[in-house]
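Let's walk through this one together, starting at the metal and then moving out to the pockets. Have the viewer open as you read.

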Amino acid sequence: MAEQSMPLWEVFIRARTGLAHRHVGSVHAADAEMALQAARDTYTRRGEAVSIWVVPSAAIVASDPAEKASLFEPTASKIYRHPSFYEIPEEVGHM
Amino acid sequence: MYTQALNEAVERPRVVEDPEKLAAFQARIDAEEKIEPNDWMPEAYRRTLIRQISQHAHSEVVGMLPEGNWLTRAPSLKRKAALLAKIQDEGGHGLYLYAAAETLGVSREELYEQLLAGKAKYSSIFNYPTLTWADIGCIGWLVDGAAIMNQIPLCRTSYGPYARAMIRICKEESFHQRQGYEIMLTLCRGTPEQKAMAQDALNRWWWPALMMFGPPDSESVHTEQSMRWKIKRFTNDELRQKFVDATVPQAHYLGLTIPDPELRYDEATGHWRYGKIDWEEFKRVIAGFGPCNRERLEAKRKAHEEGRWVREAALAYAAKQRARAMAQKIAAE
Ligand SMILES: [Fe+2]
Ligand SMILES: [Fe+2]
């Protein structure tokens, strides 16, 4: 008999103060509090974190890999968004 | 730890794939691009990975049992704490891997049911008993050592979630192996009885450890597709040889004898050549007739059954809390 499945949560940890939270994996847990505890036991057994976020996996909205080209390609043609597009005489020095 | 290439056969395609998509997929693999969960992938690639990752996950959690056998009898508090931490790591490895398998569209419950029903395989090594404390040393040194050899190339495997799980796992395995070797070292520097105990454990674990790399290349005809998909990067025999070359000098340092009369150093190639592996024993253990197969599955089933009320209570509590919060919200409106 397959039993009722435990909800899935995505786990994000901040490794040090000053850094952003980063996705590290997922855990199954009945509620948010247990998800936090499971995330701590699963992903931070060696001081990997100073903070943990858990987010219900179902709450994440992701872009479609099939639309990667149309979504991200336009930025490739906008080279004027990069500093190297602008020519500054050497005499001006570092800018 | 522990993928074993138990069943080398790459899953046969059940559907006819679009040749254009297949070619694009192979091109991405060839360019060393990682495949991510939502990307298109051939159905056979998906099923091959589900099987390999889940077997690997099962091995991690079954692997907790032979070591758990010695937790209450560890010779000191320090050893006990270290062993407990190692076993907890193995549980964590199982969890990372089940999570990686789930990204392929199969649930952990489903995979676990397969294990408990005896339909899924796990590494043959965990069907051997841990008779003495020296076995704990040998498991860390040899079994985790073999696992590291197997797993380091998997950090570059083509499926992103699997590769990332393996990176985390490999970071933790090094402690496991050193912990085991240190136990062996302490025994070998101890009384003659302790050293004899270490030798006895090596005698029993050496050959099963070599079997962890799976059947010889001559019998694993299906590795080719796995290599082409870059799920696998070295053959079983290549990895086994690396392990032997690394381990023989470590045994010599301990003053122990490898239980293989044919073992010799090949000057020309720089490799240690080992004797014939008893593949009949391997097949028996994989088929369910090893010394502890029944005991292992029974222990897992018992733990799963006895934990059922905890899972049910946790879900019931969460549902009650949600209902209560909902009722309060409605009352407030
Ligand atoms: Fe492990
Ligand atoms: Fe390990």
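## The iron site and the pockets

In this predicted model, the iron ion (ligand 2) is coordinated at 1.9 to 2.2 Å by Glu90(B) through OE, Asp144(B) through OD, Glu173(B) through OE and His176(B) through ND1. If you like to read metal sites as sequence patterns, the donor residues of this iron ion (ligand 2) are spaced E-x53-D-x28-E-x2-H.

What about the geometry? The four donor atoms around the iron ion (ligand 2) subtend angles of 84 to 166°.

Glu173(B) and His176(B) both sit in helix 7 of chain B, three residues apart, which is about one turn of the helix. Are they buried or exposed? Glu173(B) is buried, because its relative accessible area is 0%. His176(B) is buried too, again with a relative accessible area of 0%.

Helix 7 of chain B also leads us to a pocket. With seven residues, this helix gives the most to the lining of the second largest pocket, which has a volume of about 1100 Å³. That pocket is lined by 35 residues, and closest to its centre are His23(A), Val24(A), Gly25(A), Ser26(A) and Arg164(B). Strand 1 (8-14) and strand 2 of chain A, along with helix 4 and helix 7 (160-188) of chain B, each supply at least two lining residues. By class, the lining splits into 18 nonpolar, seven polar and 10 charged residues.

On to the largest pocket, at about 1300 Å³. Of its 41 lining residues, His28(A), Leu95(B), Arg108(B), Tyr112(B) and Arg311(B) lie nearest the centre. Both chains take part here: the elements giving two or more residues to the lining include strand 2 (22-28) and helix 1 (32-43) of chain A, and helix 5 (108-116) and helix 13 (308-332) of chain B. Which element gives the largest share? That's helix 4 of chain B, with nine residues. The lining of the largest pocket has 19 nonpolar, 13 polar and nine charged residues.

Note on methods:
Residues numbered from 1 in each chain as written. Chains lettered and ligands numbered in written order. Predicted model: local features only at pLDDT ≥ 70, side-chain atom pairs only at ≥ 80, totals over all residues. Heavy atoms only, no water. 1 Å grid on protein atoms, 1.4 Å probe; cavity = no way out; pocket = protein on both sides within 12 Å on 5 of 7 lines; lining within 4 Å. Points joined across faces, edges and corners; volume = space filled by probe spheres on them. Helix = DSSP H or I, 4+ residues; strand = E, 2+ residues; numbered from the N terminus. Nonpolar A, V, L, I, M, F, W, Y, C, P; charged D, E, K, R; others polar. Donors = N, O, S within 2.8 Å, 3.2 Å for Na, K, Ca; no water. Tetrahedral: all angles 85-135°; square planar, octahedral: opposite > 155°, others 65-115°. Buried < 20%, exposed > 50% of the residue type's maximum accessible area, 1.4 Å probe, protein only.
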